[in-house]
Amino acid sequence: MIFRQLIEPLSSTYTYLLGCEETKQAVLIDPVLPAWERDLGVLRGLGLALAYTIETHIHADHITAAQRLKRETGSRIAVPALEGLGCADVHIEDRRPLTVGAIVLEPQHTPGHTPAHMAYVVNDRVFSGDALLIDGCGRTDFQGGSARALYESVHERLFTLPDDFLVYPGHDYQDRRVSSIAQERRRNPRLGGGRTLEEFLAIMRELRLPPPKFIDYAVPGNTVCGECPPELPNALQHYCDEMRASRQG
Ligand code: FE
């Protein structure tokens, strides 16, 4: 399998490129709008055709490039079925595999950050979206989030994967790239090391984070699979502009 971990620096989002060496088909997990041309350039450089864009969830901190990439390449938009998006071509359901050439993605319904959130297992890797981050996890204080649901998702669906499975998160704000199930189960300060549900609920309650500054535009934009809201304030325009500095990983 051809694999690249790409970063979009504005929202510190990781986009994952998975390519089938035999059929030359590829998918992008969580592509970000300002980076669509960079992503297409990487695909082109590898001689791959984009078959699908795949979302882990409706994002609050960036707009997906799904719609834009579909326009450019004819790729199909795959979104968790529970989101019920009319713009999606494929409605992803729990444990129903999505196959692209020799690549098989197994969706893992992992609610908590959002109710419809999916992680994806591919061979010995898990693309954990915002359910499980390196030494952390996604927020649970908006978009129907639930700390209790997240604790269950991580413990029952992700920490039960084999120890040596690699964890590729949806974000990292300190340039960390990859972890493993064993490492997170052991030392994730929120969810690992035997943390109880009550401890986790208290940790999440105490975070008291400000709302993401782009949420009021990102969520409507993502609900239509990646359109920039027309009334976007100037100060937020860079979320829709083309990415300038390419920090390709
Ligand atoms: Fe998120």
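Strands (E, at least two residues) and helices (H or I, at least four) are DSSP runs, numbered from the N terminus.

**Ground rules.** I am working on a predicted model, where local features need pLDDT of at least 70, side-chain atom pairs count only at pLDDT 80 or more, and totals for chains, interfaces and linings use all residues. I number residues from 1 along each chain as its sequence is written, and side-chain values use heavy atoms, with hydrogens and water left out.

**Sheet.** I looked up the strand order. An open sheet of 6 strands runs E7-E8-E9-E10-E11-E12, with mixed pairing. Its edge strands, E7 (98–100) and E12 (179–180), each pair on one side only. I then checked E7 against E8. They run antiparallel and are joined by 3 bridges. Leu-98 stands opposite Leu-105 in E8.

His-113 sits in the loop between strands E8 (103–109) and E9 (118–122), and Asp-130 in the loop between strand E10 (125–129) and helix H3 (147–158), so the pair ties together parts that are 17 residues apart in sequence.

I also checked burial (buried is under 20% relative accessible area, exposed over 50%, partly exposed in between; 1.4 Å probe, protein chains only). His-113 is buried at 6%. Asp-130 is buried too, at 5%.

I used a 1 Å grid over the protein atoms alone. A cavity is a set of points where a 1.4 Å probe fits but cannot get out; a pocket is an open set with protein on both sides within 12 Å along at least five of seven lines; lining residues have an atom within 4 Å of a point. Points are joined across faces, edges and corners, and a volume is the space filled by probe spheres set on them.

The largest pocket holds about 630 Å³. Of its 30 lining residues, Asp-61, Leu-133, Arg-139, His-171 and Tyr-173 are the closest to its centre.

My search of the whole structure gave 1 cavity of 30 Å³ or more. The largest cavity has a volume of about 60 Å³.

Notes:
Pairing = 2+ DSSP bridges.
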